[in-house]
Structure formats: structure tokens, C-alpha cells
Amino acid sequence: MKEKGNRIKGMDGLRGIAIIGITLFHMFPNVFKGGYLGVVLFFVLTGFLMVITNKKKMENREFSAIKFYISRIKTLTL
């Protein structure tokens with residue numbers, strides 16, 4: 001798992017696969033049954049990226065639980 005700048009190789013591809021699965025499921029639910037798998041994959045990838053980001057912040061002593069939860073609330077309410 002090599003990083004290029006702030007990006008991890010392969011993550012965009014995995015997110016793309018998840019989004020394609022979700023989209024095809026919504027367009028053709030009787031043909032494509034992988035929409036739910038796409039949602040799960042998307043949530044797992046999002047959680048992984050949050051952990052990696054927060055771990056780096058903790059290592060640099062920049063992490064704040066209050067800022068983290070404020071950011072989550074803003075993300076969920078937008």
C-alpha cells in the first residue's frame with residue numbers, strides 16, 4: 001500500500017467499483033444484485049480512510065476529539 005502524496009493507490013478504483021455497483025443496482029435492481037455490497041464496500045473504505053487520517057494526526061499531535069466530532073456532525077448534516 002504505497003501512498004502518492006495524500007492518496008493511496010487503488011482506493012479510487014475501489015470506490016469507483018462501489019459506486020458503479022450501487023448505481024447499477026438502482027438502475028436495474030432485478031439484474032444487478034450487488035448494490036448492497038457496494039454500500040458496504042463504500043462504508044468500509046470511508047472508515048479505513050478516516051482511521052488512516054486520524055492516525056497521522058495523532059502521530060503529529062494534531063488530533064482533537066472535539067474537532068473530529070464537529071467535523072462528523074457537519075458532514076452528516078450537509
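Look past its neighbours within four places in sequence, and I22 is in contact with G35, G38 and V39. I22 itself sits in helix α1, while G38 belongs to helix α2, and that pairing is a handy way into this predicted model. The chain holds three helices and two strands, and reading from the N terminus you get the order β-β-α-α-α. With a radius of gyration of 16 Å, well over the 12 Å that the globule rule gives for 78 residues, the chain is more spread out than a compact globule.

- I22 and V39 are 17 residues apart in sequence, yet their C-alpha atoms are 6.6 Å apart in space.
- G38 shows up again from its own side: beyond its neighbours within four places in sequence, G38 is in contact with A18 and I22.
- Is G38 buried or exposed? G38 has a relative accessible area of 6%, and the cut-off for buried is under 20%, so G38 counts as buried.
- Take G16 as another reference point for G38: the two are 22 residues apart in sequence and 9.4 Å apart in space, C-alpha to C-alpha.
- Further along helix α2 you come to L45, which is in contact with M11, L14 and R15 once its neighbours within four places in sequence are set aside.
- L45 counts as buried too, because its relative accessibility is 7%, under the 20% cut-off.

- N54 is another residue of helix α2, and leaving aside its neighbours within four places in sequence, N54 is in contact with F63 and F68.
- Why does N54 count as buried? Its relative accessibility is 13%, and anything under 20% goes into the buried class.
- R61 is found in the loop between α2 and α3.
- R61 is exposed, with a relative accessible area of 80%, whereas N54 is buried at 13%.
- The backbone at R61 is worth a look as well: its phi is near 55 degrees, a positive value in a residue other than glycine.

**The largest pocket**

- The largest pocket has a volume of about 260 Å³.
- Of the 11 residues lining the largest pocket, N6, L49, I52, T53 and K56 are the closest to its centre.
- Which elements each supply at least two residues of this lining? They are β2 (7–8), α1 (11–27) and α2 (35–59).
- The largest share, four residues, comes from α2.
- Sorted by class, the lining of the largest pocket has five charged, four nonpolar and two polar residues.

**The second largest pocket**

- About 150 Å³ of space lies in the second largest pocket.
- The residues that line the second largest pocket are M50, T53, N54, K57, E62, F63, S64, K67, F68, S71 and R72.
- Two elements give two or more residues to this lining, namely α2 and α3 (65–77).
- By class, the second largest pocket is lined by four polar, four charged and three nonpolar residues.
- N54, F63 and F68 are among the lining residues here, and N54 is in contact with both of those phenylalanines.
- T53 is worth noting on both counts: T53 is among the residues closest to the centre of the largest pocket, and T53 also lines the second largest pocket.

**The chain as a whole**

- Along the principal axes, the C-alpha atoms fill a box of roughly 50 × 30 × 15 Å.
- How many of the 78 residues count as buried? The share is 13%, and G38, L45 and N54 are among them.
- The accessible surface of the chain comes to about 6,600 Å², and 67% of it belongs to carbon and sulfur atoms.
- If you take the contacts between residues at least 6 apart in sequence, 37% of them join residues at least 24 apart.

Methods:
Residues are numbered from 1 along each chain as its sequence is written. This is a predicted model: local features need pLDDT of at least 70, side-chain atom pairs count only at pLDDT 80 or more; totals for chains, interfaces and linings use all residues. Side-chain values use heavy atoms; hydrogens and water are left out. On a 1 Å grid over the protein atoms alone, a cavity is a set of points where a 1.4 Å probe fits but cannot get out, and a pocket is an open set with protein on both sides within 12 Å along at least five of seven lines; lining residues have an atom within 4 Å of a point. Grid points are joined across faces, edges and corners, and a volume is the space filled by probe spheres set on the points. Ala, Val, Leu, Ile, Met, Phe, Trp, Tyr, Cys and Pro count as nonpolar, Asp, Glu, Lys and Arg as charged, and the others, Gly among them, as polar. The radius of gyration is taken over C-alpha atoms; the globule rule is 2.2 Å times the number of residues to the power 0.38. Buried means under 20% relative accessible area, exposed over 50%, partly exposed in between (1.4 Å probe, protein chains only). Contact means heavy atoms within 4.5 Å. Accessible areas come from the Shrake-Rupley method with a 1.4 Å probe; for residues, only the protein chains shown count as cover.
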